[in-house]
Amino acid sequence: MALAARLPTERRPAPAPVAVGTNPAPTTDVAELLLLLADGLTPRARDVLKRVVAGLPSRAIATELHSTVSTVQDI
C-alpha cells in the first residue's frame with residue numbers, strides 16, 4: 001500500500017486543552033439538601049443532622065444531646 005493511501009486526507013487540529021474548576025457548594029445549599037434527605041431518618045438522627053449542618057463538632061453535639069461522641073458519629 002502506498003504511503004499516500006495511509007495518510008489522512010485532512011489534517012485535523014489538535015483538540016484544545018480543557019480545564020475544569022470546582023468550588024465548594026454554598027453551605028445553605030448543602031444544608032437544604034441534607035434536611036430534605038432527613039425525611040427517612042429517626043428523630044434522633046435528625047437532631048444530630050441539624051447540629052452537623054449548623055457546624056457543631058461531634059463533641060458539642062454529644063454534649064447537647066446527652067450522648068457520647070461515638071454515638072453521635074455512628075448516627
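## Helix 3 and its surroundings

Helix 3 is followed by G55, whose phi is positive, near 95 degrees. Here helices are DSSP runs (H or I, at least four residues), numbered from the N terminus. This is a predicted model, in which local features need pLDDT of at least 70 and side-chain atom pairs count only at pLDDT 80 or more, while totals for chains, interfaces and linings use all residues. Residues are numbered from 1 along each chain as its sequence is written, and side-chain values use heavy atoms, with hydrogens and water left out.

**The buried face of helix 3**

- In helix 3 (residues 43-53), A45, V48 and L49 are buried (under 20% relative accessible area with a 1.4 Å probe, protein chains only; exposed is over 50%, and partly exposed lies in between).
- These residues cover an arc of only 100 degrees around the axis, so they sit on the same side of helix 3; the arc is taken from the directions from the helix axis to the C-beta atoms.
- The buried residues of helix 3 pack against helix 2 (27-37), helix 4 (58-64) and helix 5 (69-74), with contact meaning heavy atoms within 4.5 Å.

**The salt bridge**

- A search of the whole structure turns up 1 salt bridge (a side-chain nitrogen of Lys or Arg within 4 Å of a carboxyl oxygen of Asp or Glu).
- E64 pairs with R51 in a salt bridge, and the closest N and O atoms are 2.7 Å apart.
- The pair links distant parts of the chain, with E64 in helix 4 and R51 in helix 3, 13 residues apart.
- E64 is partly exposed at 42% relative accessible area, and R51 is partly exposed at 22%.

Technical notes: Helices (H or I, at least four residues) and strands (E, at least two) are DSSP runs, numbered from the N terminus.
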